[in-house]
Amino acid sequence: MIGAFTMATIKRKKATEHLESMKAIAAEHNSNQKNPMIYKILAVFGSYANSDKEILGDLDIGLKIALRNPGVMSPPEANLRQGELLNVDPRYKNTIETLFLGEHAMRTLLKNRRKLINLHDFDEVIREEYPHHVFFEYSPG
């Protein structure tokens with residue numbers, strides 16, 4: 001059929017594997033004390049959290065990134081340092097991109113080139129009162 005549009009989908013089993021992988025990435029990242037920024041919360045919402053469908057349209061993740069030690073480094077400094085630690089070269093970035101270099105690098109690391117994963121700010125999930133399930137939460141110690 002010419003011009004037919006097929007919506008991409010993801011199976012629940014594969015989505016669950018992605019959640020486990022993201023949890024492992026976050027835990028490994030957070031365990032490195034050199035990282036000035038951490039994954040604070042990862043939560044799944046949308047069709048994965050609110051149904052038992054076996055075939056999903058995508059995987060919606062609420063993400064909260066925070067400074068490891070808020071009083072030690074300013075947010076712009078921490079973002080720059082985090083980006084450098086994740087091997088992002090700031091020389092080819094504009095000022096705005098440089099301000100969020102670390103957060104962007106952390107989002108890219110978490111998504112790990114996987115399609116059909118949409119990352120959202122966790123604050124949006126709370127503000128919009130989306131039903132969700134927290135599958136990773138950082139607690140020091």
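Contact here means heavy atoms within 4.5 Å. By that criterion, and leaving aside residues up to four places away in sequence, Val88 touches Gly83, Lys93, Leu101 and Ala105.

The model is predicted, so local features need pLDDT of at least 70 and side-chain atom pairs count only at pLDDT 80 or more, while totals for chains, interfaces and linings use all residues. Residues are numbered from 1 along each chain as its sequence is written, and side-chain values use heavy atoms, with hydrogens and water left out.

**Overall fold**

The protein chain has six helices and six strands, where helices (H or I, at least four residues) and strands (E, at least two) are DSSP runs numbered from the N terminus. Their order from the N terminus is β-α-β-α-β-β-α-α-α-β-α-β. Along the principal axes, the C-alpha atoms of the protein chain fill a box of roughly 55 × 40 × 25 Å. Of its 141 residues, 35% count as buried; buried denotes under 20% relative accessible area, exposed over 50%, and partly exposed in between (1.4 Å probe, protein chains only). Among contacts in the protein chain with a separation of 6 or more, 69% join residues 24 or more positions apart.

**Helix H1**

H1 has 20 residues and reaches 29 Å from its first C-alpha to its last, close to the 28 Å expected at 1.5 Å a residue, the expected span being 1.5 Å times one less than the number of residues.

**The largest pocket**

The largest pocket has a volume of about 170 Å³. Its lining consists of Ile25, Glu28, His29, Asn32, Lys34, Asn35, Leu85, Leu86 and Leu109. Helix H1 (residues 12–31) supplies the largest share of this lining, three residues.

**Surroundings of Val88**

Val88 lies in the loop between helix H3 (75–85) and helix H4 (95–99). This residue is partly exposed, with a relative accessible area of 22%. Leu101, one of its contacts, is 13 residues away along the chain, and the C-alpha atoms of the pair are separated by 7.5 Å.

Methods: On a 1 Å grid over the protein atoms alone, a cavity is a set of points where a 1.4 Å probe fits but cannot get out, and a pocket is an open set with protein on both sides within 12 Å along at least five of seven lines; lining residues have an atom within 4 Å of a point. Grid points are joined across faces, edges and corners, and a volume is the space filled by probe spheres set on the points.
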